[in-house]
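Please read them alongside the coordinates.

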Amino acid sequence: MVASRSARERKAAQQAGPLAQVKIDLDGDQQFLYRISCSTCTARGHRAWSTHRAGGDNGFMAAMDRWTFHLVEKHPGEDAPCLAFLAEAQQRLHERREG
């Protein structure tokens, strides 16, 4: 059974932790685009910091990796389930930079 968009949002929000606000949109090809926003940080003036990037990869793993790096850098004392996968996120980043 395929999970609904709202169920995916709830699961991603739970994994991202209490500072995260998760929203899933659809792109032109009807693929899920995950947007994880920080409830305390801002970027570009008044907008909340967010993992969303125009174009590129905005799938679950890419968004969660960027969110994990944000938590480690900007909120080192915060605890979130996604931090358990920090080593894997760092490995994927390393592989992208080498490739």
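1. Helices (H or I, at least four residues) and strands (E, at least two) are DSSP runs, numbered from the N terminus. The elements of the protein run α-β-β-β-α-α from the N terminus on, giving three helices and three strands.

2. This is a predicted model, in which local features need pLDDT of at least 70 and side-chain atom pairs count only at pLDDT 80 or more, while totals for chains, interfaces and linings use all residues. Residues are numbered from 1 along each chain as its sequence is written, and side-chain values use heavy atoms, with hydrogens and water left out.

3. Buried residues (under 20% relative accessible area, 1.4 Å probe, protein chains only) make up 30% of the 99 residues in the protein.

4. A nonpolar core is a set of buried Ala, Val, Leu, Ile, Met, Phe, Trp, Tyr and Cys residues joined through side-chain atoms within 4.5 Å. In the largest one, of 17 residues, A16, I36, M64, W67, L71 and C82 touch the most other members. Helix 1 (5-16), strand 1 (20-26), strand 2 (32-43) and helix 2 (60-74) each supply at least two residues of this core.

5. Contact means heavy atoms within 4.5 Å. Leaving aside neighbours within four places in sequence, A16 is in contact with residues including V22, I36 and A80.

6. The structure holds zero disulfides, a disulfide being a pair of cysteine sulfur atoms within 2.5 Å. The sulfur of C41 lies 3.7 Å from its closest cysteine sulfur, in C38, and is therefore too far for a bond. For C82, the nearest cysteine sulfur, that of C38, is 12 Å away. C82 is buried, with a relative accessible area of 4%.

Technical notes:
Buried < 20%, exposed > 50% of the residue type's maximum accessible area, 1.4 Å probe, protein only.
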